Amino acid sequence: MDTVFLGIGFGLVTGSILALSAVAFTLTYAVSGIPNLAHGELLTYGAYAAYAVTRATHNLFLAAAAAALAGGMTAWAMNAGVVEPFVRARIKNIVIFIATLGASLVLQNIILLIFGGANVAYVLPQTESLQIGPFLWTSRDVTIMISAFVVMLLIYVMLQYTKFGKSLRAVSENRELARVSGIGAHRVVQFTWFLAGIVAGFAGFILAVSVGTLVPSFGFTFLLVTVTAAVAGGLGKPYGAMAAAVVLGLAMEISAIYVDAAYKLLIAFGMLVLVLLFRPDGLFSSKAGGVFE
Amino acid sequence: MIQYIASVATEGVIFSIMALGLNVIWGWVGDFDIAFYGYVALGVYMAMVTTIGRLPAPDQYILGWHLPFPAAVVIAMATAALLALGVGAVALRKLRASYFAITTLATVLMLQIFIGNYTPLFNGYNGLYGMEQPFNGVLNLSPQVYPFFFLALCTAVLAAVYLVLERLSNSPFGRALRAVREEERAAAAFGRSIYTLKLKAYVLGAALGGLGGALFAAYLGAFNPTAWSPIETLLLYAAIFVGGSGNNRGVILGVMLVSVVFQEITRFIPNVGGNASFSSAVREILIGILILVTMRYRIQGLLPEPRPKDAVGEAVAAKPYAGRGSAAD
Amino acid sequence: MLDVRELSKSFGGVKAVSDCSFTVPARRVTGLIGPNGAGKSTAIDLVTGFKTVDAGVVRFAGTTIQGWAPHRISRLGLIRTFQLPKEWPGLTVMENMLLAAPEHGREAIWRALLTPRPLREAEEEDRARARTILEEFGLIALRDELAGNLSGGQKRLVEFARVAMAKPRMVILDEPMGGVNPVLGARMGDAIASLVAADVTVVIVEHNLPFIERVCDSVIVMALGTVIATGPFSSLRSNRAVVDAYLGEVAASA
C-alpha cells in the first residue's frame, strides 16, 4: 500500500511538471493551429540555461528566471523565424508541422554544439524528506509542485481576467475573425508563443531539477509525453491539458511500480495512441469524430 | 581511396532504396510518417537474426537461423510490411494528418524502447553483430574485391526497385494514390476508398524500408538501438524534399546530394574545443536549415513530380503549378 | 430513385437535420432549395456518406445505404459534387477525367506490375471518351494542364466533365452555379440536359431560383432541418410556409 502512495506522490510531481509543458504546447497550438514538434527544445533551452546560471551564480532563483527567459526567447524566435513566415506564405499546415521538426533538429544540435553530447549532471544539494499524510516527498518535490501550481494559477488568471487573455481566446476561436474584428492577431500570436516559451522553459528547469541530468535530447524525449497530455486534454484547451497531465503523470508513475520502469514511457505512448484513436478531441470532449467531420 | 568511394556509394544506394520507399508514403499519397526508420531497423534486425545463427551465451535473441541472404531479405520485408499493416490499419483509419504523424512518432519510440529493453527479442541495447557478407560463402572474394560486388548487388536491387516503382507510379494505382493526396473528398466522391489506398501505400513503402534495412544489415555487419532514431527518418525526408517529392529520380538525386555528398563533405569539419560531436552537430544543423529552406522556397524540390502528357505531337503550354504545398487547408 | 426517411443529424446538441423525409424520382431533375442554414448541405452529406447519420433510412435504387462509406455509395452510381469545385489540383485535366471513370478494378497493384500493356490498352477507351467529353466542354486544349492552374469557371466545367465521365445513375450537384457567369451558366444548363438525356437522375442544390425554375421538374424546400414543401416550382409561390420561410426572406432582401 505504501508503494502505491509513493507512486501517487511521484505521479503528482511528474504530473505538475508535465502540466506546465502541456499547457505551453496547447497554447501555441491554440493560436497557430500547428502541433509544435520543436516544443521539447523549449524545455531543453530552459534547462541548459538554468544549468549554466546555476554553475555561475549558485542562485536557484536566477536559474529559474534564466530558464523562463531562455524558453520564452526561443519560442519567440521559433514563431517569428519559422511558423509565422510559413503561415504568411500560405503553406499547408502539414508542411509547417514538418518544418517544426526541422527546427527541432537545428535547436537540438545547437545545444550539442555548445555543451557537447555527454550527460551533464545537474545535481543540487540534498533536501530533507517530508512525510505529508501518506505521501513521502522531498522538500524539493514540494517546491516543484507548489511552483507549478502557482504558474498554472497565473495562467488561469491571465486567461480569464486580462485583456490579453480574452484576445488570446478570441484568436484561438478564429484567427481570421479576430484579425478583422480589430484584435492584433499577429501580436497576440507572437506574445502567446513568448509566454508559452516562458512556461515551457520553467518546466524544463524543474524537470532538470527533478531528473538531475541533462542531454541535448532532454526535451525531445519529453515531447511525446507532453503531446499525450495536450491531446488527451483536447488540443488547444489549456485547462484540459493541465488535468490530463496530472492524470498521465499519475498513470505513468503508478504503473512504474508494477512494470519495469523502462516501460513507463511505453505506457504513456500507448495511451497517446489510444486517445488519438478513440478520443481525438480529448478525454473530456463529448464529440465523436466521423471521417470528414 | 577507391575502397572509401565504394563504401560511400553503397551507403547512397541503400539509402536510395529506403528513400524511394518513404517517397511512396509521403510523395505519392502524402502521409507524413515518422515511424519509417523503425521499419528499416526492423528489416536490419530480422535480416540479422535469420542469418547469423547462434552467438555465444550471454547474447540472446529470437530465431537465430542460418538462412541464405535472399530468404532473410524476404523475411525482413515481410516483417516490416506486417508491422506497417498493423500500425497503418489503426492509424490511417480516421486520423488527421498531424495526428497520424504523431502516432507514428509514438510508434517508433515505443519500438525503440521495447527493442532496447526486452533483451530476448534482439539482444536489447547490446544489439546484434556477426552478419556475414551475403553470397561470399560461395564467391570467396577477397576483402578488396567484395565491396565492389556488394555495391553491384545493391545497385541491381535499386534498379529493380526503381523500375517497379516507375511502373506503379505511371499506373492507375499510382494515379489513385495521388488523387487521395491532392483531394481526399473528391477521391471518395469518385469511389476511392481513401483508407485502403493509403494502407496499400503505407505497407508497400514499409516493405521497401525492410528491404533497405536487410541490405543495410549486410553493409553494417552489426546493429544496436543507439544506431537509429526518429532523426534518421528526418534525414531521409531531407533527401526527398531536396530531390523532389513524388519523383523517383528526384529522390535518388536527393539522397546522393544530401546523404552522400553533403554528409561526406561535412565529415571534414574538424571537431572544435574537444567536443567530439562538433562536426556531426554542424552537419545536422545544416541539414535542418536545408529542410526549412527547401520547404519554404522550393517545396516541389529540384526535380518536380513528372506530369503525364496526353497530347500526341501537340505543343501544350507547360506552366508549373505552384499550388502544391501552398494554399492553407 | 432516392428515398430518404426521417433523417436526423445534430452537432453538439444543435439539430442540423431532423426528421427529414423526401423522395427523388428517377430520370428527373429535382431542385433542393431553402434558406441558408436549412440543412441542405448536411442532408446531402448524410445521403452520400460524408457525414454519419444519427437516425433515419436512406435507400438508393432499392439498396439501403445509410452508414455506408462515401466510396461505396459512389460505386453504386451516386456521384456528388461540392460547393467549391474539388478538382485534384496537382494532376492534369486528363488525369482528373481518367480518375472519374468507374474502372476501379484497374487500380490493382498486380495489374500495374504484371500486365501494364493490356492495362494501357484498356485505358485508351477511357482516354478517347474523356477527349470527347472535354471537347464538348471546350476543355480539350487544356487537357495536359494541371487542374489547379485553371480559372474558377474552368474548374466548374472540369467538375461537370468528371461527373459525365463517371457514368452515374444519379448526381447531386451542390451549388453548381456558385461563382459562374451567365455564359458558363448556359453551358451548365446544356450539361444538365445531356445528363438527363442519358437517363441520369439529377438533384441540384442551388440558391439561384430562376435557374432552378428553368431546369427542375420539381422542387424540395427545406427549412430548419426538415422538408416543408415539395412540388413543381410554380406550386410553391402559393405555399404559405415556403413564402414565410424562404421566398419571403428573398422578397424582404430584394
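Student: How do the axes of helix 1 and helix 7 of chain B cross, and at what angle?

Tutor: Axes are lines fitted to C-alpha atoms, for helices over the stretch in contact, and angles run from 0 to 180 degrees between N-to-C directions. Helices (H or I, at least four residues) and strands (E, at least two) are DSSP runs, numbered from the N terminus. Here helix 1 (residues 2-28) and helix 7 (residues 146-169) of chain B have axes that come within 9 Å and cross at roughly 25 degrees. That makes helix 1 of chain B roughly parallel to helix 7 of chain B. Angles under 35 degrees count as roughly parallel, over 145 as roughly antiparallel, 65 to 115 as roughly perpendicular and the rest as oblique. This is a predicted model: local features need pLDDT of at least 70, side-chain atom pairs count only at pLDDT 80 or more, and totals for chains, interfaces and linings use all residues. Residues are numbered from 1 along each chain as its sequence is written, and chains are lettered from A and ligands numbered from 1 in the order in which they are written.

Student: In which hand does helix 1 of chain B pass helix 7 of chain B?

Tutor: A crossing is left-handed if the near helix is turned anticlockwise from the far one by less than a right angle, and right-handed if clockwise. The crossing of helix 1 and helix 7 of chain B is left-handed. Residues of the contact include Ala6(B) and Val13(B) of helix 1, and Leu151(B) and Leu158(B) of helix 7. Contact here takes C-beta atoms, placed from the backbone, within 7 Å. By class, the contact of these two helices of chain B has 16 nonpolar, five polar and no charged residues. Ala, Val, Leu, Ile, Met, Phe, Trp, Tyr, Cys and Pro count as nonpolar, Asp, Glu, Lys and Arg as charged, and the others, Gly among them, as polar.

Student: How many residues of chain B are in contact with chain A?

Tutor: Chain B brings 40 residues, in contact with 41 of chain A. Helix 4 of chain B gives the most to that side, with 13 residues. That side of chain B has 27 nonpolar, eight polar and five charged residues.

Student: And which helix of chain C supplies the largest share of the side that touches chain B?

Tutor: In this interface, 36 residues of chain C are in contact with 31 of chain B. Helix 3 of chain C has the largest share of the chain C side, five residues. The chain C side has 19 nonpolar, seven polar and ten charged residues.

How values were computed: Contact = placed C-beta atoms within 7 Å.
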